[in-house]
Amino acid sequence: MKKFLFVIAMMTGIVTSSFAQVKSALLTASGLTCSMCSKSIFKSLEKVPFVASIDVDLNTSVFTIKFKEGANVDPDVLKDAVTGAGFAVATLQLIADFPDTQLAKDTHLKLGGATYHIINAEGQHVSGEKTVTVVDKNFVTTSAYKKYKKQEKMKCYETGMAGSCCGANITAGTRIYHLSL
Amino acid sequence: MKQIKKMIGVVCLFLSVNHAGAQELFTYTEPASNMPTKSLGIRLTNNLLDEKHMGKTTYQFLPELMWGANKNLMIHAEAIMSNSAGPMSVVGAGTYIKYRFLSNDEVHRHFRMAAFGRAAYNQSHVHYQELETNGMNTGGELGLIATQLLHKQAISASLSYEQITDNGKGNTIHPGNATRGVNYSLSTGRLILPAKYTSYKQTNFNVMLEVLGQYQPQTGQHYVDIAPSLQFIIHSQTRIDVGFRQQMQGNLDRMATTSFLFRVEHLLFNVL
């Protein structure tokens, strides 16, 4: 039955679930070492409407961000908060409640209101809380982006927008983030 | 020449021991990085200039507002106050704009470049050959800054072109004195405390060392200064700089070859 649902999901091109929530994130900021710089990122993230609380490790520049219950989480807004403070995102890991599903490479799914494209699953079954990494441009370091770009040839990875490679069920031009499991 | 060699030796020694970490919020120069978007900075710079020719110490006060317009652009506006010609009064005003056009960020490191421009009006007497639009002359400056942060060590260099005109209120440049100059700087800094970060409330203590020079192609005259400074950052928001600037070599007639700086700067996040 699960396999059948998975096939249906793949045919429709997108897996959706009403309870698919992004609960928190681990964001590593790059380009800084000083606490004044870190504080400017902290203050900028604090202003993001869907952020509930932030903890920071000043030595590693890792921000643990908890999101408001049921809120839509837009990774671009988090990234813009960091770049607005003058720095960049080195890694963004999302801790999300996944719908009970099986994930294959190029599965699309909705989490916390945003559309995601899985780039490296092998049909594994996921259910409940899982940590995934956003690997789009400006969410990883320049060197990491170059590495991912060599592996992922789809146009939507380069543009960050849904295109013909994403299937007919996703409106072209929809912002699409790419996830590594 | 001997002094320059000595100075290079001091800089090299400083760089070689600079492993523990550094900041790029230099006392006498700006890094290629900008302040956060929508934030406002208040900077109060006090300079004590040892005006040997006149046998007095001149006090200069530069209150400055700084605005992070967006992630790449910051704008400063300042008033220039001095007691060089009598009681303390406003003698000029200036604006400074910095645009960051390159930023390669990695964890705990970055390489950034920025272009900057300064325009200033000043109405005090033009007594000296040194060109300084940030405090003494009417004119402008255009330049480039490159800053490398490498696992907590920061090194920054700048190169700029400065052009002055006659000051306001009929205060003209002495005939024969240069009106154009090339400025250059090399700065580095080192984080001394805290050894390990635990909170934003810890006071940061940094030591800076900067080399500041000016060459005037019209006359071939120049100066090279060395400027060590100490910096305290309180609650990751308020900065206190204490600096000393000393000429190492030069043949320009300057207001002061020795000066002291005391600055307080406070950053207000997300206010604009």
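**Contact and folds of chains A and B**

In this predicted model, the contact between the chains draws 26 residues from chain B and 24 residues from chain A, two residues being in contact if their C-beta atoms, placed from the backbone, lie within 7 Å. On the side of chain B that touches chain A, strand E4 (residues 89-106) of chain B gives the most, with three residues. Helices (H or I, at least four residues) and strands (E, at least two) are DSSP runs, numbered from the N terminus. That side of chain B holds seven nonpolar, 14 polar and five charged residues; here Ala, Val, Leu, Ile, Met, Phe, Trp, Tyr, Cys and Pro count as nonpolar, Asp, Glu, Lys and Arg as charged, and the others, Gly among them, as polar.

Residues are numbered from 1 along each chain as its sequence is written, and chains are lettered from A, with ligands numbered from 1, in the order in which they are written. Local features need pLDDT of at least 70 and side-chain atom pairs count only at pLDDT 80 or more, while totals for chains, interfaces and linings use all residues.

Chain A contains five helices and eight strands, arranged along the sequence as α-β-α-β-β-α-β-β-β-β-α-α-β. Of its 181 residues, 41% are buried, meaning that 20 or more other C-beta atoms lie within 10 Å of the residue's own. Contacts between residues 24 or more positions apart make up 66% of those in chain A with a separation of 6 or more. The average pLDDT (the predictor's confidence in each residue, from 0 to 100) is 86 for chain A, and 90% of the residues score at least 70. Over residues 1-18 of chain A, however, pLDDT stays under 50.

The largest nonpolar core has 50 residues, a core being a set of buried Ala, Val, Leu, Ile, Met, Phe, Trp, Tyr and Cys residues joined through C-beta atoms within 7 Å. Ala29(A) and Val82(A) touch the most other members, and strand E4 (residues 88-104) of chain A supplies the largest share, seven residues. Beyond four places in sequence, the residues that Ala29(A) touches include Ile41(A), Phe63(A), Val82(A) and Phe87(A).

Chain B, by comparison, has one helix and twelve strands. Its radius of gyration, taken over C-alpha atoms, is 18 Å, close to the 19 Å that the globule rule (2.2 Å times the number of residues to the power 0.38) gives for 272 residues, so chain B is as compact as a globular protein of that length. The C-alpha trace of chain B spans about 55 × 50 × 35 Å along its principal axes, and 40% of the 272 residues count as buried.

Note on methods
A residue is buried if 20 or more other C-beta atoms lie within 10 Å of its own, exposed if 12 or fewer, and partly exposed in between; C-beta atoms are placed from the backbone.
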